[in-house]
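Please take the sequence and the model together, and follow one along the other as you read. The paragraphs below are meant to be read slowly, with each named residue looked up in turn.

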Amino acid sequence: MTTHPEVLWAQRSSDSVADKNIVWLTVNVPDIDETSLQYELTSTEVSFKATSKTDGRAYAFSLPLFDEVDTEASLSKLSSRSFTAVLRKKALKAEYWPRLTKEKTKLPFVKTDFSKWVDEDEQDGAPLEEDLGGMGDMGGMGGMGGMGGMGGMGGMGGMGGMGGMGDMGMGGMDFSKMMASMGGGAGSGPSGTDEAADSDSDDDGPPPLEDVEPSV
């Protein structure tokens, strides 16, 4: 017997920039058994099935989407706490989808992700690089996560592997802003400022030497 997992969603829209025309999906199932994960995305539907190693329960859902998505440009990521997907909307439109699903049906397990959601008329003030948070290490559908040693990700050389972020399809990202936002988690702004580091900058150095009269 399967159970519906909690599914959180949020979105952005644009009639000119494809990278800003996306839907976030976060499936809150902790400690997913990777061998049990079945994730399928078509242009009109998303489906998920997996077993949690924490409680041994099987979780599944299938959702017909409100509108078509670009499967080739969409991304996904598996972590110890959840499964996350970024779906690229196929049609460039300034208007938000009125809902996630095709039919106007109330689904108790589908909820708004308020950590990422902004109103349609305020989305220009919410930079994508900050809202994406830790999604920067996805790299693509074939390499879930940015951990060294995983298939196809050899030779990363520590953080140097972040240079591959250009393949994500999220064009226009500011690398420095992304690194700052990763410290605060998804949906958060920069993790801090440099004020504390500059607090001792008023030190004018050692006092000048006093003149000494020459001895007779």
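What follows moves from the confidence of the model to its strands, its aromatic rings, its salt bridges and finally one asparagine.

This is a predicted model, in which local features need a pLDDT of at least 70 and side-chain atom pairs count only at pLDDT 80 or more, while totals for chains, interfaces and linings use all residues. Residues are numbered from 1 along each chain as its sequence is written, and side-chain values use heavy atoms, with hydrogens and water left out.

The quantity called pLDDT is the predictor's confidence in each residue, on a scale from 0 to 100. For this protein the mean pLDDT is 73, and 57% of the residues reach 70 or more. Over residues 129-134 the pLDDT stays under 50, and the model has 26 contacts for them beyond four places in sequence, where a contact means heavy atoms within 4.5 Å. The pLDDT is also below 50 over residues 136-207, a stretch with 77 contacts in the model beyond near neighbours in sequence. Where pLDDT is low, the predicted coordinates should not be read in detail.

Turn next to the strands, which, like the helices, are DSSP runs numbered from the N terminus (helices are H or I with at least four residues, strands are E with at least two). An open sheet is formed by four strands in the order β1-β6-β5-β4, and its pairing is mixed; two strands pair if DSSP finds at least two bridges between them. At the edges stand β1 (2-3) and β4 (38-41), each with a single partner strand, so one side of each has no neighbour in the sheet. Strand β5 (residues 45-51) runs antiparallel to β6 and is joined to β6 by seven bridges. F48 has F61, in β6, as its bridge partner.

A pair of aromatic rings is described by the distance of the centres and the angle of the planes. Rings of Phe, Tyr and Trp (its six-membered ring) pair if their centres lie within 6.5 Å, and planes under 30 degrees apart count as stacked, over 60 as edge-to-face and the rest as tilted. The structure holds seven aromatic pairs. In one of them, the ring centres of W9 and W117 are 5.4 Å apart and the planes stand at 75 degrees, so this pair is edge-to-face. Because W9 lies in strand β2 and W117 in the loop between β9 and α1 (128-132), the pair ties together parts that are 108 residues apart in sequence. W9 counts as buried at 8% relative accessibility (buried means under 20% relative accessible area, exposed over 50% and partly exposed in between, with a 1.4 Å probe and protein chains only), whereas W117 is partly exposed at 25%. Y39 and F83 form a tilted pair, with 4.8 Å from centre to centre and 55 degrees between the planes. Y39 belongs to strand β4 and F83 to strand β8, so parts 44 residues apart in sequence are tied together by this pair. Y39 is buried, with a relative accessible area of 19%, and F83 is buried at 2%.

How many salt bridges are there, if a salt bridge is a side-chain nitrogen of Lys or Arg within 4 Å of a carboxyl oxygen of Asp or Glu? The count comes to six. One of them joins K111 to E6, with the closest N and O atoms 3.3 Å apart. K111 lies in strand β9 (residues 110-112) and E6 in strand β2, so the pair ties together parts that are 105 residues apart in sequence. K111 is partly exposed at 38% relative accessibility, and E6 is partly exposed at 31%. D67 forms a salt bridge with K93, where the closest N and O atoms are 3.9 Å apart. K116 forms a salt bridge with D113 at 3.5 Å between the closest N and O atoms, and both K116 and D113 are buried.

The last stop is N21, in the loop between β2 (6-11) and β3 (22-28). N21 is buried, with a relative accessible area of 0%. A polar atom of the N21 side chain lies 3.0 Å from the backbone nitrogen of S14, and a polar atom of that side chain lies 2.6 Å from the backbone oxygen of A91. Leaving aside neighbours within four places in sequence, N21 is in contact with residues including R12, L87 and K93.

Notes: Polar contact = N/O pair within 3.5 Å; in protein donor to acceptor, adjacent residues only side chain to side chain.
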